[in-house]
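Follow the chain below with the structure open beside it.

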Amino acid sequence: MPSRGPMTRNIIHVDMDAFYASVEQQDNPALKGLPVIVGGDPGRRGVVSAASYEARAYGVHSAMPSSQARRLCPQGVFLPVRMHRYQEVSNRIFRILREYTPLIEPLSLDESFLDVTGCEKLFGTALQIAVDIKRRIRETTGLTASAGIAPNKFLAKIASDYRKPDGLVEVKPGEVRDFLRDLPISKLWGVGKATEEVLKGMGILKVGQLAVFPAESMERKLGKFGLDLLALAQGKDERPVCPDSEAKSISQEETFTPDLENWEQMKKVLLDQAERIGWELRKQELKGSTVTVKVRYPDFTLATRSQTLSIPTDQGIEIYRSALKLLSRTEAVQRRARLLGVGVSHLVRRKDPQQYLLFDSERQKAERSIRAMDRVWEKFGAGALKRASLLDPKKNSDPQPFPGARKGGKGD
Ligand SMILES: [Mg+2]
């Protein structure tokens, strides 16, 4: 009896190395070799989005407060996030990936799974495809990617991480057990601090130890979750690569020092965030119908308010109108805001024909002008648009391309 059926799959996980920071270094070669830290302003309670390998040597990593990063690496080059630029580079990378297979599941701008099972006749083995992809990404963008090749997603993701940066690791079906044996259990999906402690209490430190643990004892300790972990530890992961799984929501948020204390400041922040979300939605050819506003008050308590629009939108101004209304239902103005954020969820493909049936001509006109604005944005960066719409003292209140789109207007 064959140990594995004909359904052995070839999955590649492609993951760009220190993506945002590498894009910055590529765009400005003077930054190469320097500790580059992309993220929020250290003076405004910002958070690190990406750190170059030079910065990581100082212990800086993403999700760390920027102020802490500055303490660890005072000579670091701190740069703001230029999302439109990373999106642009990301689009070029995905264009390359799509030449090999339509079975691509993006996890983020710089990370995705490819199922290349059955592509051998066209493009060579999975390993050859991965080598090819890495070379073409480098030629096209100047950036390095790491790739993992394995019979399933779980193993491919671990493999791509194994020899970063510029890594290339293949795990063949017969090598799975050896590959996993000495891996720390924290590398298993779903194993957080708490589970790690439980497993350690059972004497399990490495994936190889978990893999041979009796299923009944595992189930007794951790229930169904324990059995799932056991399967992963044995290298079993049946989840398919899902090309349709896309971002469930798109959001922006920022923490402020000092706190935002008046309506005018909050409006500017909301408009900026709404415009960025609109931009992101249009880039991804998505529309969203639920707008959520999130406020953290100075005492750290959190308030969220949501609203579902009658028609999905990809327009920053519509998101802004809704967000403003939602914000007015919080106590932000009375209590001030330490953090402000906007998100859009319930996303649909823009090409959905039924969406277009609902458009009136006025709406289409407005959408055309927004697309023209996108082109300006693409050319000059988000900063240009921000300057134009937010910082011009005469135009710093609500922009009103839609009739009736003034603050507190009725209806959606
Ligand atoms: Mg990455």
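Strand β10 (residues 286-296) is largely enclosed by the rest of the structure, because eight of its 11 residues are buried. Buried means under 20% relative accessible area, exposed over 50% and partly exposed in between, with a 1.4 Å probe and protein chains only. Helices (H or I, at least four residues) and strands (E, at least two) are DSSP runs, numbered from the N terminus. This is a predicted model, in which local features need pLDDT of at least 70 and side-chain atom pairs count only at pLDDT 80 or more, while totals for chains, interfaces and linings use all residues. Residues are numbered from 1 along each chain as its sequence is written, and side-chain values use heavy atoms, with hydrogens and water left out.

β10 pairs with strand β11 (residues 302-313) in the antiparallel sense over eight bridges; two strands pair if DSSP finds at least two bridges between them. The two form a hairpin with five residues between them, and F300 in the turn has a positive phi of about 80 degrees. R296 stands opposite L302 in β11.

Now turn to the metal. The magnesium ion has the protein donors D15 (OD), M16 (O) and D110 (OD), at 2.2 to 2.4 Å. Donors are N, O and S atoms within 2.8 Å of the metal (3.2 Å for Na, K and Ca); water is not among the atoms, so sites may look incomplete. M16 lies in strand β1 (residues 11-16) and D110 in the loop between β5 (104-108) and β6 (111-115), 94 residues apart. Both M16 and D110 are buried.
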